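Let's take a friendly walk through this model, one part at a time. Have the sequence and the 3D view open as you read.

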Amino acid sequence: MGSRQITEKALTMLRSLPRVSLGNIRDNPGYKKNPKRGRGQHGGDKHGAGNKGSGQRQNYMRLGYETGNNPFYLRMPHEHYYKGHHLRRQYPPFSLHELQLIIDKDRLDISKPIDIASIVKSGMYNFTPDEKHFGINLTDVGADCFAAKINIEVQWASEQVIAAIEKMGGVITTAYYDPHSLYLLRDPKKFFESGQSIPRRMIPPPDAIEYYTSAKSRGYLADPEEISKDRLRLAQKYGYELHVLEDDPNYEMLCERKDPRQIFYGLEPGWVINLKDQCILKPKDSELQRFFAS
Amino acid sequence: MAFMPLGIPLLRRVMQSGSKQAKYSILLQKSMTYKSAISLDTLYPNSSLKLATPAFTPNPDEKFTGHIPLNKVDIHYSASSGPGGQNVNKVHTKVDLRFKLDEADWIPTDIKQKMLEIHGKKLTKEGYLIIRSDTTRSQQLNLADCLRKLRVMIRNATFTESKPDPETEERIRQRHLKSARLRVSMKREEAYKRALKRPPTVVDL
């Protein structure tokens, strides 16, 4: 409802309701509290401080003190090795062997681009953004036997993994998703049912920008021309003939990428997906459109 | 812009430092796909934004650049040696890379000659140079190791032994002479001291 409609509604209400007077208004609930009197039967005598002890004498022990024994907060010494552990990003591993397994069992559709949402949907992988999980770390276990041509988007991949995928003629991209976007990707249906508009994906933090902008790690913010050069370097290093992507009939599908601000394939930030009525609501306001395209 | 996040200037700076050459931009038709302010065509305006398969272009200055044509070398896989039970018996992680050295046209002739001199004794009866690797548990990494070894071999053959220049040779010769001189003078001193300790030789005048 626009602001004009709200004022109209308010004015209509004013016209129909009776005049406001002291007889038909009251305070908001919880606004008035009865004052506590320090005199008389209920507030007097010991004044809520009890009998003897530190409570009545207002001579309290410090917080955490355990009457002399080594208190809990001092029992565990500081270890420097875990400094900053609460700020570190974690990427729970998912091996190439497991990926091959779900492809072979038809739990994953390789005719379309694969991202973390499709892998979680297959049921073989789960992660908790609460616990600082920032996505999939594709590991090299099973790299020797990997035999599928896919377009996959993960959050972390080593050189060996990239080589294993490109050897088969596939494409791998490493992309960053902020925790809120990861929540949405974990269960897109639940998010669409909530009726919120799709937010924009945030850019990587400063210590991750270098990884996601380098062609060597196939970052989603890297120049595709540099990536093409690095494909040749990797093919020479690991000893395989480079698959000519341009001649592939699935070239369009293999090169399909999300925009850096996009969370879901084919869906733009700002859209509201209505699953019940099978329609998409898009913002028309120019300021909103400008915001979601920024 | 009110909606421009703070990290984007940092991102742009990183981009600009990477791209050095000015490339001709390909005029793209206005597509209906979503394009944000940090899409790839705003970050790399001069790039074609397409994944391609570049062919190897040899550097005219260098004789051997490290490129090995994989269709001209024979690669075979076999089981590795060592402990490991069923896994090491079944999984073919050992890589055997071989090629005929005198028929390798992808190696420049003078480097090939040098290689024949160094590795001539190691060639098989048919003339194959064999490189094997079973250092890791992964076939992929072992193949990379074999290729690395081959590249190292070829690189070592490109170096010619440098002859020391005449001044250095003269200096080395003088060093030898000086050491001989010192050695002889030390001997003479020792002999004199020993002679002093002996009883004097009587000279009948």
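## Two crossing helices in chain B

In this predicted model, Ile111(B), Lys114(B), Met115(B), Ile118(B) and His119(B) of α4(B) meet Met153(B), Ile154(B), Ala157(B) and Thr158(B) of α5(B), where contact means heavy atoms within 4.5 Å. By class, this contact has six nonpolar, two polar and one charged residues. Ala, Val, Leu, Ile, Met, Phe, Trp, Tyr, Cys and Pro count as nonpolar, Asp, Glu, Lys and Arg as charged, and the others, Gly among them, as polar.

Helix α4 covers residues 109-119 of chain B and helix α5 covers residues 139-158, and their axes come within 8 Å and cross at roughly 105°. Because of that angle, α4(B) is roughly perpendicular to α5(B). Axes are lines fitted to C-alpha atoms, for helices over the stretch in contact, with angles from 0 to 180 degrees between N-to-C directions; under 35 degrees counts as roughly parallel, over 145 as roughly antiparallel, 65 to 115 as roughly perpendicular and the rest as oblique.

## Chain B as a whole

Chain B has six helices and three strands, arranged along the sequence as α-α-β-α-β-α-β-α-α. Helices (H or I, at least four residues) and strands (E, at least two) are DSSP runs, numbered from the N terminus.

Of its 205 residues, 27% count as buried: buried means under 20% relative accessible area, exposed over 50%, and partly exposed in between (1.4 Å probe, protein chains only). Among contacts in chain B between residues at least 6 apart in sequence, 58% join residues at least 24 apart.

## The nonpolar cores

A nonpolar core is a set of buried Ala, Val, Leu, Ile, Met, Phe, Trp, Tyr and Cys residues joined through side-chain atoms within 4.5 Å. The largest has 59 residues, and those with the most contacts inside it are Leu96(A), Leu99(A), Leu138(A), Ile152(A), Ile172(A), Ile198(A) and Phe264(A). Helix α7(A) gives the most to this core, with five residues. A second, separate core of 23 residues includes Leu101(B), Leu123(B), Leu129(B) and Ala157(B).

What does Ile152(A) contact, leaving aside its neighbours within four places in sequence? Its partners are Leu99(A), Ile114(A), Ile119(A), Leu138(A), Ile165(A), Val171(A), Ile172(A) and Thr173(A).

## Where the chains meet

Across the interface, 50 residues of chain A are in contact with 43 residues of chain B. The two chains bury about 4,000 Å² between them, 60% of it on carbon and sulfur atoms; buried area is the accessible area (1.4 Å probe) that two parts lose on being put together, summed over both. Asp144(A), Glu225(A) and Gln236(A) supply 15% of the area that chain A buries against chain B, more than any other three residues.

Gln236(A) lies in helix α11 of chain A and counts as buried because its relative accessibility is 12%. Not counting residues up to four places away in sequence, Gln236(A) touches Gly66(B), His67(B), Ile68(B), Leu70(B), Leu147(B) and Arg151(B). Lys50(B) counts as partly exposed, at 48% relative accessibility.

## Reading the numbers

Residues are numbered from 1 along each chain as its sequence is written, and chains are lettered from A and ligands numbered from 1 in the order in which they are written. Local features need pLDDT of at least 70, side-chain atom pairs count only at pLDDT 80 or more, and totals for chains, interfaces and linings use all residues, while side-chain values use heavy atoms, with hydrogens and water left out.
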